[in-house]
Amino acid sequence: YKKTEAALRAREQHLEQLIDTVPAMIWSMTGAGHPVYLNRRMMEVTGATAETVTAPDGSLTLKRMIHPDFLEQAERTFAGSVATGAPYAIKYLQRRADGTYRWTETRAEALRDEAGQIIRWYGVSVDIHDLITTQTELHLRKQELTRLVDLVPSFLWRLTPDGAPNFFNRRFIVFLGLDEGCLEQPQTEQYAAALKAAVHPDDADRVWAGLKACLSSGRPFAMRYRLRRHDGVYRWMDGRAEPLRDEEGAIIQWHGLS
């Protein structure tokens with residue numbers, strides 16, 4: 001009996017060490033949503049203690065961990081999970097022990113008894129601040145590049161290795177008179193039809209033959225030709241394109257400017 005009891009204590013100690021060492025904040029609540037446990041990492045990161053969390057007003061301690069802008073959403077989402085038993089998941093700014101806030105993702109699932117009643121909620125909170133910050137920076141950069149591409153006083157376009165157009169900048173779309181809904185996603189067939197209709201009949205054979213030769217050889221495209229504007233007026237263009245290659249030298253795209 002003593003050996004069994006010692007083995008159980010050793011196993012319990014091992015599990016506690018594992019839970020305290022794992023690089024995540026782990027916690028549990030009763031089926032009604034009252035906090036009962038925080039692992040060591042969560043206490044170190046947030047400054048909360050087991051005593052304050054398990055006290056009658058322990059939920060207030062948890063509320064102080066959440067940025068005021070996200071508190072209502074967090075409470076509403078968790079209340080919905082407690083009522084329905086659905087898994088809990090939310091991203092929010094979490095207050096740290098030093099008073100700073102960092103983006104955190106928290107998920108929790110319910111443990112049920114044999115009758116299906118929820119007896120515990122087990123959750124994990126993971127720091128995703130660097131990920132969110134990077135994604136935000138990339139999104140802002142993408143927006144900036146998109147504005148640059150659309151505002152540059154030229155027509156920018158892109159072709160597949162086979163020569164199918166899969167991108168026009170806004171200025172080119174407006175020039176051709178296409179539906180600006182085309183900006184939302186590539187519409188290769190519509191772009192190809194618009195180009196075919198826009199090239200002046202007297203220039204068409206020369207343009208398509210020159211483009212075909214460049215696609216076959218990989219040489220840069222450079223040619224002057226006329227394109228029909230949305231109002232029916234033809235304008236002379238100086239069109240140029242260069243291939244973008246992968247590490248093996250294979251062409252993966254053509255980037256052009258008119």
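1. Let me start with Tyr-122, which lies in strand β5. Strands here are DSSP runs of E with at least two residues, and helices are runs of H or I with at least four, both numbered from the N terminus. Tyr-122 counts as partly exposed because its relative accessibility is 44%; buried means under 20% relative accessible area, exposed over 50%, and partly exposed in between, with a 1.4 Å probe and protein chains only.

2. A word on the basis of these notes: this is a predicted model, in which local features need pLDDT of at least 70 and side-chain atom pairs count only at pLDDT 80 or more, while totals for chains, interfaces and linings use all residues. Residues are numbered from 1 along each chain as its sequence is written, and side-chain values use heavy atoms, with hydrogens and water left out.

3. Which residues of α5 are buried? They are Phe-70, Ala-74, Phe-78 and Ser-81. Seen down the axis of α5, they fall within an arc of 60 degrees, so they line one face of the helix; the arc is taken from the directions from the helix axis to the C-beta atoms. An α-helix has 3.6 residues a turn, so residues three or four places apart point the same way.

4. On the face of α5 turned away from that buried side sit the exposed residues Glu-72, Arg-76, Ala-83 and Thr-84. The cover over the buried residues of α5 includes β1 (25-30), β3 (88-95), β4 (101-112) and β5 (118-127). After α5 comes Gly-85, with a positive phi near 85 degrees.

5. Helix α6 (residues 129-151) has 23 residues and reaches 33 Å from its first C-alpha to its last, close to the 33 Å expected at 1.5 Å a residue. Its buried residues, His-129, Ile-132 and Asp-150, pack against β4, β5 and α7 (170-176).

Methods:
Contact = heavy atoms within 4.5 Å. Expected span 1.5 Å × (residues − 1).
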